[in-house]
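Here is a friendly walk through one protein model, from a strand residue out to the helices and the pocket. Please keep the sequence and the 3D view open as you read.

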Amino acid sequence: MPIFLTYHGMNNNKPQLFLIPSPISETSPFEVLPKETIDVILGLKHFIVEKTRTTRRFLKSIGYTYDFNDVWFYEISKHKEIDADCISPLKSGHSIGLLSEAGLPCIADPGNLVVKFAHEL
């Protein structure tokens, strides 16, 4: 199940930041991610990621059907300054998925700043 972080509470149709784990190995996402997590991902059109290319590959592997030209990707890295613009979709009423290259966001990547910005809303 994804970890839900929202600045207006849970399950009230307000935009949310979803911390989405990704497989560390070549294991199929369907073997390690609950169906509910995949369903959440499939419904999102806004993502904060480390690498857009590998995120697109991951999304295709789980059956993501949106045209990537219509999907918003914001890349973060340890070597790039991150500002509050990364959560602009939340301010516009859109939920965001935060994915790291492997594992759970915020453990060994700069996702902790994204969560900090969301808490400040």
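## Val49 and its surroundings

Let us begin with Val49, which, leaving aside neighbours within four places in sequence, is in contact with Thr55, Phe73, Tyr74, Glu75, Ile76 and Leu99. Contact here means heavy atoms within 4.5 Å. Val49 has its place in strand E3. Helices (H or I, at least four residues) and strands (E, at least two) are DSSP runs, numbered from the N terminus. Val49 counts as buried because its relative accessibility is 0%. The cut-offs are these: buried means under 20% relative accessible area, exposed over 50%, and partly exposed in between, with a 1.4 Å probe and protein chains only. Between the C-alpha atoms of Val49 and Gly111, which are 62 residues apart along the chain, the separation is 8.7 Å.

A word on the source: this is a predicted model, in which local features need pLDDT of at least 70 and side-chain atom pairs count only at pLDDT 80 or more, while totals for chains, interfaces and linings use all residues. Residues are numbered from 1 along each chain as its sequence is written, and side-chain values use heavy atoms, with hydrogens and water left out.

## The overall layout

The protein has five helices and five strands, and along the sequence they follow the pattern β-β-α-α-β-α-β-α-β-α. Of the 121 residues in the protein, 44% are buried. Among contacts between residues at least 6 apart in sequence, 64% join residues at least 24 apart.

The accessible surface comes to about 6800 Å², and 50% of this belongs to carbon and sulfur atoms. Such areas come from the Shrake-Rupley method with a 1.4 Å probe; for residues, only the protein chains shown count as cover.

Which residues of helix H3 are buried? In this helix, residues 52-61, they are Thr52, Thr55, Phe58 and Leu59. Seen down the axis of H3, these buried residues fall within an arc of 120 degrees, so they line one face of the helix. The arc is that of the directions from the helix axis to the C-beta atoms. On the face of H3 turned away from the buried side you will find the exposed residues Arg53 and Lys60. The cover over the buried residues of H3 includes helix H1 (29-32), helix H2 (35-42), strand E3 (46-49), strand E4 (72-75) and strand E5 (96-99). After H3 comes Gly63, with a positive phi near 90 degrees.

Lys51 sits in the loop between E3 and H3. Lys51 counts as partly exposed because its relative accessibility is 47%. Not counting residues up to four places away in sequence, Lys51 touches Glu75 and Glu101. Lys51 and Ser100 are 49 residues apart in sequence, yet their C-alpha atoms are 8.3 Å apart in space.

In H2, the buried residues are Thr37, Ile38, Val40 and Ile41. Viewed down the axis of H2, they fall within an arc of 155 degrees, so they line one face of the helix.

In helix H5, residues 111-119, Gly111, Val114, Val115, Phe117 and Ala118 are buried. Their arc around the axis is only 160 degrees, which puts them on the same side of H5. Val115 counts as buried because its relative accessibility is 15%, and Ala118 counts as buried because its value is 4%. What lies across from them? The C-alpha atoms of Val115 and Leu17, 98 residues apart along the chain, are separated by 7.9 Å. For Ala118 and Leu17, 101 residues apart along the chain, the C-alpha separation is 7.4 Å.

## The largest pocket

Rolling a probe the size of a water molecule over the atoms shows where empty space is left. The largest pocket has a volume of about 350 Å³. Of the 15 residues that line it, the closest to its centre are Pro23, Ser25, Thr54, Phe58 and Glu101. On a 1 Å grid over the protein atoms alone, a pocket is an open set of points where a 1.4 Å probe fits, with protein on both sides within 12 Å along at least five of seven lines; lining residues have an atom within 4 Å of a point. Grid points are joined across faces, edges and corners, and the volume is the space filled by probe spheres set on them.

H3 gives the largest share of the lining of the largest pocket, five residues. The lining divides into five nonpolar, seven polar and three charged residues. Here Ala, Val, Leu, Ile, Met, Phe, Trp, Tyr, Cys and Pro count as nonpolar, Asp, Glu, Lys and Arg as charged, and the others, Gly among them, as polar.
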